[in-house]
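Here are my notes on the model you sent. Please read them with the structure open.

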Amino acid sequence: MSMSADSPAKTQRIPSALIPILVVLILTIMALLIGAVAVAIAGKSPLLAIEELIRGAVGTRNNIAATLTRSIPIVICGLAATVGFKAGLFNLGLEGQMVVGALASAVTANALQGLPAIVLLPVTILAGCAAGALLALPAAWWQTRFNVPLIISTLLLNYIAVLFVSYLVNNPLRDLSGGAAVPQTVMIPEAIRFGVILSGTRLHAGIFALLILPPLLAWIFRRTRLGYQLRMTGLNPDFAAYGGISVQRMTLLAMAASGALAGLAGAVQVLGVDFRFIDNSLTAGGYAWTGFIAAILAQANPALVVVTGLFLAGLEVGAAGMQRNTQIPLQIADIVQAGIIFMIAVRQRVGQWLRHILLSEQRS
Amino acid sequence: MANPVPIVQMTGIIKRFGQTTALAAVDLAITEGEVHALVGENGAGKSTLMHILAGVVQADHGQISIRGNPVTIDSVETANKLGIGMVHQHFMLLPSLTVAENLTLGREPKRRGFFDRAAAAKAVTDLGERYDLHVNPHVRVSELSVGDLQRLEILRALYRGADILILDEPTGVLTPQETQGLFRVIRELKRDGKTTLFISHKLEEVIEIADTITVLRDGHVTGKPQPTMTDSQEIARLMVGRDVFLEFERPQLTQGAALLEVAGLCGKGVNGVTFNVYANEIVGIAGVTGNGQTELADLIAGILPVRAGTIKFSGKDVTRDSVAQRRAASLAYIPEDRNKQGLAPDGGISDNLLMGAHSRPPLIQRGILNTAAIRQRTEMLIQKFNIKTKNANNAANTLSGGNAQRIVVARELADNKPLIVAAQPTRGIDIAACEFVRDALVQRRNVGAGVLLISADLGEVMSISDRILVMYRGKIIGEVAGLFARESDLGLLMAGITNVNVSG
Amino acid sequence: MTIFDAALLASTVRLFTPILLAALGGMFTARAGIFNVALEGMMLVGSFFAVAGVFWTGNPYLGLLLAVAAATLVALLFGYFVIEIKGDAVIIGLAINIFALGFTTYAMRLVFGVTGGYYDPSLEGLPDISLPIIRDIPVLGTMFSDHSILVYGAFVIVVLAYLFLFHHPFGLHLRAVGENPEAAGSLGIRVKRVQYVSVALCGILCGLAGAQLSISLVTQFVEGMTAGRGFIALVAVMFGQAHPIKILGASLLFGLAYAASLRLQGIGIPTQFVAMLPYVATLVVLIVTRIRPQRQSVKEQS
């Protein structure tokens, strides 16, 4: 009993694996339409906006480099969020974890600068990861022990961490030489700074993280016992506990890993872009939140996070370029991102609708 | 004698849910003042048919007439106005609100726009007087007993002016004595001119209380046996289409070693329980749900912490052991709520089959999953336990209840653990799957396992247990040998009454 | 210089009002079974449109009205995606917050032509109303008089909310829907309609909360000016177990934390630590009281 009235030639078999990707595409287009509406309200031409947006993102060699550079912290934070999602956890504290990770690595690099670069670099990175993990762990502990919802505790810790780090950078750790307007720390030793891989741009070696981390994470989730335990905890904690998995341990591990990755994002920014910790530079960029959205859009799939992270980075870089040329405020990017999340809620319906239209009918 | 116009006439009712046809042109005629039983197994369509009558869902095709007048029942409100009220299987009550508030919810008496508490309380007591169904109006519903909850539900239907009462599986949560109490109420209502529609799969009860029986199978009416002239076998055959094994043949075996020793166990809901389970036997724990059985199972499995007492598996004290440790040695556990505890509904069948075995070689080597070995095991289990699926990676929630339970049973019985705890293993699944599960447990018992069966279905407990323990308010208050158990004796024990000589 | 004096209490009352109002709004959605993390975004939108309203019309009360309308619209958007589309309330709530932040910053550029913050001393905010008899009572007078109408309104709303929730049939319906939507639906209560009403009420209250932030005391809008108050209000709802009187108490506690942090800034403790006080206080409350969020029952409807 086929429900399609189409002629036989039209009911082709589209592999159902393609459907999630099509869904993401449709959702993104719908979100862009929302952005177009916001632009129209501002009295400007949406077509012009899109044109400038695309040019700003990928129109020139420099722009592409800017997009790629921006995508690095976004994707790493997205992976941090993904680790949390897999275990069923909402880590909204990525921003705070990123910031403490950045500061910790900047401070460590300077404090231990006597060490040979080959040792100093990994130690610096580890310091950043450790700081992020240490900020995330209390929230995990409070949830398992005291029922404090992660959503709220990680958010509150965000505010607290950012304020605390701001204090440190304004006072004891401030670099008073050079008379910079913004509080910042001393620069890190040259030896460990990430080299630029595309001359004339700021695109640095950190981009390789995007090639290494996603497959590594995917492998851990699919092929290891720990990955299985984390996934089952995320799918149904009662089931996991019933099967002998310690949900408490999984929560702590997942949050520590998530925080560590966010801290890594901060460390990479310090090592590759700023070469010091600059108050507000990481929060102003909104990398952590964009990364979070990238993870939601990618449905917590590590490989897909790279794609969505690149897309959102392009959106933001393009919007900045668009603002320079058309005076349309770059916050359009934020509006589109919010629109994307709304569309995600509709994802189920869109997926069902696509299945209905494209796939030939299958009997249950 | 001319046939009176039926108070309810449903003709040609068709209802589909997506691809499944729940009702395929069903006709039903109810005479005023009768007790009419609708019988069928899970998924036969009896609840759906009544939901249509009660306005909860709408039929795709068909006609309904009330007292000879064709009507369209498009909502619960409309049904209420026609005098139809339904008491659902799962109580539709609000625990934090009082009895009076629950009774009048949706039809509140008002005084100057505000809720008139006094009038609501009066309604409770007035109705209670009239139908001999007494409940205290000011008490919070969370504090009522199960029997009271049911009384309140019936009162509410009457408050809303029901002349036609639909009771959906009302005796599932009652002891045999409470069931008799319900039957008294039904007869009282009948004397008052009310019509009662009684959905059940408990065949003995149906024969006892009903004036008319309609049997449904797969959305069709398969028969209308006369209560006075039929028996459970015949009704069961109409329900399923073939002969059904209601009694399980099993060889008498001598008890083996003690596989489970529980002594003085205290924990949440359990107040000092002592018993053993030996090899080659099935120990059934009977009791109305809510007397600590669920917690007992979770305590034995290690999911709930023990406050006092000891638990031993094959002589080894496991009281302080974790869930993983208990499973590793000897325990298989079929939990009561498969969707909450027994499965990850959004997870793949393969992932669901792996749980519990995910820590041991050869499926795991040095922390890494051996995908080839896992796939082999998955395929073997799907075959052996007849799990109907095309793809081992489909999500568990795409399967029917019975099929999903097969996943749980397959997983738990896969590794031949000596001790099996099965809590409500046949709840909410089709008869074929029920038979399958019970058969699997008996088979394991025959080859040396010890099974602890916890079930609210007294018939099930009686049909496969070697020994039956009855649980009441967190304690074991009686033990009966399986072969000599009588339902009436067990019923008294289930209600907490122990000063009667129990045979066996 | 004393830390605790009448002036501190007065500023507590003023500062706790946005939290109280938002928490009362959150209470309605919580009672309907919706886990609402979007209080922050609704408030922020209210804050912006309050200032914009004053800017456009010169009348603070019209600004108040505009704030309420805008916040309610945003709330209904939230409601639509959660109730109708059945999206995950947490994700939708986060989306609303992100949208509100982006949109208000965007709009601030468009309407006022500035970034960061907008302040115009010539704009007239909500006037302080002096209560004739009360103002002369020592201590209590300083505490309770000379506030904007929203502060007095908040206390009145607490009483109204209590009456509504526990003594009015609709309040009964609301509590039923939140506790067991299936049961409520089976009794003929229109569950979705009840939930939409709760969301609208939340929007109205958050609009008022946002206006109290931006057009009482000083008239200004700063990017992201709610700074987490929406989440603190959410904790007040949890701590107060969605009960109006208890929420009043919880909000007072958090208001005190804000007032104390303002006061302490003068003493030589670094501003960042002082600014942390409300967030730390909220965390402490959460840890010490081990409260659970209200059950989310939107998904349990068929």
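Predicted model: local features only at pLDDT ≥ 70, side-chain atom pairs only at ≥ 80, totals over all residues.

1. Local features are taken only where pLDDT is at least 70, and side-chain atom pairs count only at pLDDT 80 or more.

2. Length of helix α7 of chain A. This helix covers residues 209-223, which makes 15 residues. At 1.5 Å a residue it should span 21 Å, and the C-alpha atoms at its ends are 21 Å apart, so expectation and model agree.

3. Faces of α7(A). The buried residues in this helix are A209(A), P214(A), L217(A) and F221(A). Viewed down the helix axis, the buried residues of α7(A) fall within an arc of 105 degrees, and therefore line one face. On the other side of α7(A), L211(A), I212(A) and P215(A) are exposed. What do the buried residues of α7(A) pack against? Their partners are α3 (61-86), α8 (225-235), α10 (247-274) and α13 (302-326), again in chain A.

4. Chain A with chain B. Here 15 residues of chain A are in contact with 25 residues of chain B. On the chain A side, the elements giving two or more residues are α8 and α9 (237-242). Of these, α8(A) gives the most, with five residues. By class, the chain A side that touches chain B holds seven nonpolar, five polar and three charged residues.

5. Chain C with chain A. This contact takes 37 residues from chain C and 34 residues from chain A. On the chain C side, α4 (89-112), α10 (229-239) and α12 (271-289) each supply at least two residues. The largest share of that side comes from α4(C), with 14 residues. The chain C side that touches chain A has 27 nonpolar, six polar and four charged residues.

6. Domains of chain B. The domain assignment gives domain 1 (8-240) and domain 2 (258-494). Their C-alpha centres lie 33 Å apart. The contact between them takes nine residues from domain 1 and 11 residues from domain 2. On the domain 1 side, the residues divide into four nonpolar, four polar and one charged.

7. R16(B). This residue lies in strand β1 (residues 8-17) of chain B. Is R16(B) buried or partly exposed? R16(B) has 14 other C-beta atoms within 10 Å, and is therefore partly exposed. Beyond its neighbours within four places in sequence, R16(B) is in contact with T21(B), A22(B) and D60(B). The C-alpha atoms of R16(B) and H61(B) are separated by 9.7 Å, although the two residues are 45 residues apart along the chain.

8. The nonpolar core. The largest nonpolar core has 395 residues. Those with the most contacts inside it are I76(A), C77(A), L53(B), L453(B) and A236(C). Domain 1 and domain 2 of chain B each give this core at least three residues.

Technical notes. Residues numbered from 1 in each chain as written. Chains lettered and ligands numbered in written order. Helix = DSSP H or I, 4+ residues; strand = E, 2+ residues; numbered from the N terminus. Expected span 1.5 Å × (residues − 1). Buried ≥ 20, exposed ≤ 12 C-beta atoms within 10 Å, placed from the backbone. Arc of directions from axis to C-beta. Contact = placed C-beta atoms within 7 Å. Nonpolar A, V, L, I, M, F, W, Y, C, P; charged D, E, K, R; others polar. Domains from an automatic or database assignment. Core = buried A, V, L, I, M, F, W, Y, C linked by C-beta atoms within 7 Å.
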